Amino acid sequence: MHLAYPAVLSALLFCTGLYGVLARRNAILVLMSVELMLNAVNLNLVAFDVWLSKAARETLHSGQALTLFTIAIAAAEIGIGLAIVLSVYRNRGTSDIDRLRDTAEGRGEDGPDGDTPAAEKAEATA
């Protein structure tokens, strides 16, 4: 098999995952798109490992070993990511990325923008 076939498939998978990260608003779908991108990289690693091992007659297969490490790290990442998404969903009631804002952006006494007009501050002190 030629190297072009898995490389093109990997590029298509990566572009699909990139579109999912940029276009989706649901946090779980964004995590799934990141996993798709990681799997595209893993496919590339294995394809180039097989191609280079045929050319150099090596039996080390370091690309496949790196793929196993990447899969293990991706599994840990998705576990932590899902735990964070579930925690945010329980606290705020939504997993929509556009609706989620950091609490440090000013959602307290200062109003939605974080800045209180000077006239309101003067009335509060008087």
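A: Val85 counts as buried, at 12% relative accessibility. Buried means under 20% relative accessible area, exposed means over 50%, and partly exposed lies in between (1.4 Å probe, protein chains only). The model is predicted: local features need pLDDT of at least 70, side-chain atom pairs count only at pLDDT 80 or more, and totals for chains, interfaces and linings use all residues. Residues are numbered from 1 along each chain as its sequence is written, and side-chain values use heavy atoms, without hydrogens or water.

Val85 sits in helix α3. Helices here are DSSP runs (H or I, at least four residues), and strands are too (E, at least two), numbered from the N terminus. Apart from neighbours within four places in sequence, Val85 is in contact with Ala27, Ile28, Leu31 and Ser95. Contact means heavy atoms within 4.5 Å. Val85 and Asn26 are 59 residues apart in sequence, yet 9.8 Å apart in space, C-alpha to C-alpha.

Now for α2 itself. Its 30 residues should span 44 Å at 1.5 Å a residue, and its end C-alpha atoms are 43 Å apart, which agrees. The expected span is 1.5 Å times one less than the number of residues. Just after α2, Arg57 takes a positive phi of about 60°.

Which residues of α2 are buried? They are Ala27, Val30, Leu31, Ser33, Glu35, Met37, Ala40, Asn42, Ala47, Asp49 and Ser53. Their cover includes α1 and α3.

Ser33 of α2 is buried, with a relative accessible area of 10%. Not counting residues up to four places away in sequence, Ser33 touches Gly17, Gly20 and Val21. Thr67 belongs to helix α3. Thr67 is buried too, at 7% relative accessible area. Leaving aside neighbours within four places in sequence, Thr67 is in contact with Asn42, Leu45 and Val46.

Phe48 has a relative accessible area of 35%, and Trp51 has 44%. The structure holds one aromatic pair. The ring centres of Phe48 and Trp51 are 6.2 Å apart and their planes stand at 85°, so the pair is edge-to-face. Rings of Phe, Tyr and Trp (its six-membered ring) pair if their centres lie within 6.5 Å; planes under 30 degrees apart count as stacked, over 60 as edge-to-face and the rest as tilted. Phe48 and Trp51 are three residues apart in α2, about one helical turn. An α-helix has 3.6 residues a turn, so residues three or four places apart point the same way.

Next comes the surface. Phe14, Leu18, Leu22 and Val41 form a nonpolar patch with about 330 Å² of accessible area together. Patches take residues with over 30% relative accessible area and no salt bridge; like charges are joined within 9 Å, nonpolar side chains (Val, Leu, Ile, Met, Phe, Trp, Tyr) within 5 Å. Three residues, the largest share, come from α1. Phe14 lies in α1 and is partly exposed at 31%.

Last, the ends. The whole structure has one salt bridge, and Asp98 forms it with Arg25, their closest N and O atoms 3.0 Å apart. The partners are 73 residues apart: Arg25 is in the loop between α1 (4-23) and α2 (27-56), Asp98 in the loop between α3 (62-92) and α4 (118-125). A salt bridge is a side-chain nitrogen of Lys or Arg within 4 Å of a carboxyl oxygen of Asp or Glu. Arg25 is partly exposed, at 41% relative accessibility.

Definitions and conventions:
Areas by Shrake-Rupley, 256 points an atom, 1.4 Å probe, with all protein chains shown as cover.
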